[in-house]
2 protein chains.
Amino acid sequence: MPVDDTHDPALRSWVPSANRPGSDFPIQNLPLGVFEHPMHRDRRVSVAIGDELLDLRACAEQGFFAGSLADLGAACSQGSLNALMALGRDASRELRATLSAWLRSGADGVHGWRARLEPVLIPTERVRLCLPATVGDYTDFYASVFHATNVGSMFRPDEPLLPNYKYVPIGYHGRASSVVVSGTAVRRPSGQVKRDDAMEPVVAPTRRLDYELEVGAWVGRGNTLGTSIPIGDAEEHLFGVSLVNDWSARDIQQWEYQPLGPFLAKSFATSVSPWVITFEALEPFRVPALTRPAGDPEPLAYLDSPRTRSAGAIDLRLEVSLATARMREEGLPPHVLSRSSLRHLYWTFGQLLVHHGSNGCNLRPGDLLASGTVSGPTRDSRGCLLELTWRGSEPVVLPTGEERRFLDDGDEVVLRGWCERDGAARIGLGCCRGVVIAATQVDAG
Amino acid sequence: MPVDDTHDPALRSWVPSANRPGSDFPIQNLPLGVFEHPMHRDRRVSVAIGDELLDLRACAEQGFFAGSLADLGAACSQGSLNALMALGRDASRELRATLSAWLRSGADGVHGWRARLEPVLIPTERVRLCLPATVGDYTDFYASVFHATNVGSMFRPDEPLLPNYKYVPIGYHGRASSVVVSGTAVRRPSGQVKRDDAMEPVVAPTRRLDYELEVGAWVGRGNTLGTSIPIGDAEEHLFGVSLVNDWSARDIQQWEYQPLGPFLAKSFATSVSPWVITFEALEPFRVPALTRPAGDPEPLAYLDSPRTRSAGAIDLRLEVSLATARMREEGLPPHVLSRSSLRHLYWTFGQLLVHHGSNGCNLRPGDLLASGTVSGPTRDSRGCLLELTWRGSEPVVLPTGEERRFLDDGDEVVLRGWCERDGAARIGLGCCRGVVIAATQVDAG
């Protein structure tokens, strides 16, 4: 294998928009996704480069994945990333090296790739981006100790953090059917809510609609039912990450969640950004796992490894913004509500994956493991309105003077994420957005 | 539409084993399933009749689904029941009428069906039965108030039944990837457990492996994300039922389940019986919903309807048996541990489905909605060992003198279910079985 120069910050692409400072998708990124072709109307695998995307099925059809790349070509000819995810990390690395070679400046002259690829390069604004993979199972974790402590202190002031938290990466099964791609409107859900002063619940549109700022890891290679994944092998099973907004109806949640956990409070929609940033692209931003405060237990052996300690986490910055209908009418940009970092997680994605499979549960390519709300230790790094407005008691004031305790109809929530440090090219995750639309009337039978 | 005579108890089949008293699969049943063909090695849709099954893809290929039956023929040519489920109840009724006409005595002479079908009739013992549908999402409810009260009284003696129980059909998302067909061995899971006398958890094979006696309803036609299902339409979206064993590791569950509900304690395996008994076949056994004790609230309007009250439940008897390795060596039959009835459920499948979709969550054909443990009011109708042995304090004694608090390696659990009443043919669900095999060594990194 030649030296991997795909991260070289000096590398430029012959696609001009990829070289624009601040672009989410320079040639060092090469995120994968699925789009609906404006002419063919079928779903195709692609890679983003600057403001354009490369149609990888067209590349396969034209024989660009020749010889030893045949398996990659076949996987890139599917309507989702699942087949590519199933191939494992060696294949991901090979695909990255191939795409980097195709798209880099110099490739136009030396190998003639530019002339071959330009016809299958499409401006991203002209296509509809789709969910990148068929999600077999969606799991949502609770990996920010700051989020868990904040929420716990609202509902259990005596015991904000339960005794299991520092041993068990707490998670629950989410709803796979309602995972939707960024840009899908989110209908305000109705459900049973019990007001504090009422004797009985009523069915009504939620009054406490919230977002949750999360990052999701896509499972690559799966494991067989009945076998677990040693922590040393975790990374082989992790393909990439996207932004996740785990929309939540807090009033429905409060009434329904005991004793089996959140259900309808979350299952109405989960938005995911369309581009999958591979773990290869994230490699320059790996950092040590969170330093546990003195007195916290060490991770149990099955969740501990030298790699986890030295480079298990990702230095990934996160931001959530809000644009109300009025703000959009007035031409105001989305207002930043909070900024956070994936470094705040108590557990790494490797630990979440290994824990998930530790009972023999089979993970499949395309399964989505979300982090849970990524809140940090400070007020301005809280990842949901429940925390940010402290259950509605401290409303957020927007540039228009509008106040928000929870989300109103017409509000658009925009999540962004990126990696940035000296000596490395910026790697962006793109964005995950969704507009809240009004509830429909509740059917009474 | 002609008069539906498919339930006539006098109806007999030209397949002799279907007419044997006590058969689960007389001609009044006609359950659907998927098998792996011993020669073709592909998955095919079939209907069970007595001890045999009819290869419905072969029927389609030979043109038996002609004319107006073409859609049915196409759906029966898939490798799972999902396409058939998606067609809705009118299609189910038409398929039932068609199969009943094909397989009934008299059809051999009049229409010559016997001669045409005999070549595509296969003894069931010669094939491998598969999971009947691809499960997009698996949801497990908690619909037996007796189970909820028993379990609640162990963990929360002060408040066995939480205030939401009688209003909200409590449920949670289960793991779809580890739903397996009856006969699949179940490996004892390992996980974090915290012994009562220990300061810290350890990772070890569960010592409290349990079964849960459940019935699962398969979703037929789906609903679009953002729309709910009125209770009056519920039955249009329900396709059929199977037996479900929601295997559970009670010690893992106890340590992990707060605050987000069961996770690894359940996700290692969920067994499902291979035959789907259609709601058409169950029609003669529809009974009024459980009479709520005086003082209980009426169901909220979105969960209430005349049909729910008069015939929302199913009079379905259930039985769970256990055969230890020693019992099997000694040639002893499985020992019946308890008998229950689906009539004990506090919520009907229609109510569970409508509640599930009430927030706009999209249900898809092939989704599995399980009842939760079907316990009745008496000791001998408790549907899991946790209840039956009261958390291990009252062991069950088996015919060999062996005792069980929870399951041992080598134990085989067998669930059975059937409908029976005067004036109607017996409708059986077949069985759902699974043998516990030993845990593998726990990887420490």
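Visitor: Which residue of β25(B) stands opposite B:V320?

Guide: The residue opposite B:V320 is B:L415. This is a predicted model, in which local features need pLDDT of at least 70 and side-chain atom pairs count only at pLDDT 80 or more, while totals for chains, interfaces and linings use all residues. Residues are numbered from 1 along each chain as its sequence is written, chains are lettered from A and ligands numbered from 1 in the order in which they are written, and side-chain values use heavy atoms, with hydrogens and water left out.

Visitor: What makes β20 and β25 of chain B paired strands?

Guide: Strands are DSSP runs of E of at least two residues, and helices are runs of H or I of at least four, both numbered from the N terminus. Two strands pair if DSSP finds at least two bridges between them. Since 7 bridges join β20 (residues 317-323) to β25 (residues 412-419), the two strands of chain B therefore qualify as a pair, and they run antiparallel.

Visitor: Why are β9 and β21 of chain B said to stand at the edges?

Guide: The open sheet of chain B has 5 strands in the order β9-β26-β25-β20-β21, with mixed pairing. β9 (186-187) and β21 (335-341) each have a single partner strand, so one side of each is left without a neighbour in the sheet.

Visitor: Why is B:A48 called buried?

Guide: Buried means under 20% relative accessible area, exposed over 50%, and partly exposed in between (1.4 Å probe, protein chains only). B:A48, in strand β2 (residues 43-49) of chain B, is at 0% and therefore counts as buried. Contact means heavy atoms within 4.5 Å; leaving out residues up to four places away in sequence, B:A48 touches B:F25, B:L30, B:P31, B:L53 and B:W275.

Visitor: Is A:H355 buried or exposed, and why?

Guide: A:H355 has 2% relative accessibility and therefore counts as buried. A:H355 lies in helix α12 (residues 349-357) of chain A. Apart from neighbours within four places in sequence, A:H355 contacts residues of both chains, including A:Y302, A:L303, B:Q192 and B:F263.

Visitor: What area do chain B and chain A bury between them?

Guide: Buried area is the accessible area (1.4 Å probe) that two parts lose on being put together, summed over both. For chain B and chain A this is about 5900 Å², 60% of it on carbon and sulfur atoms. The contact takes 64 residues from each of chain B and chain A.
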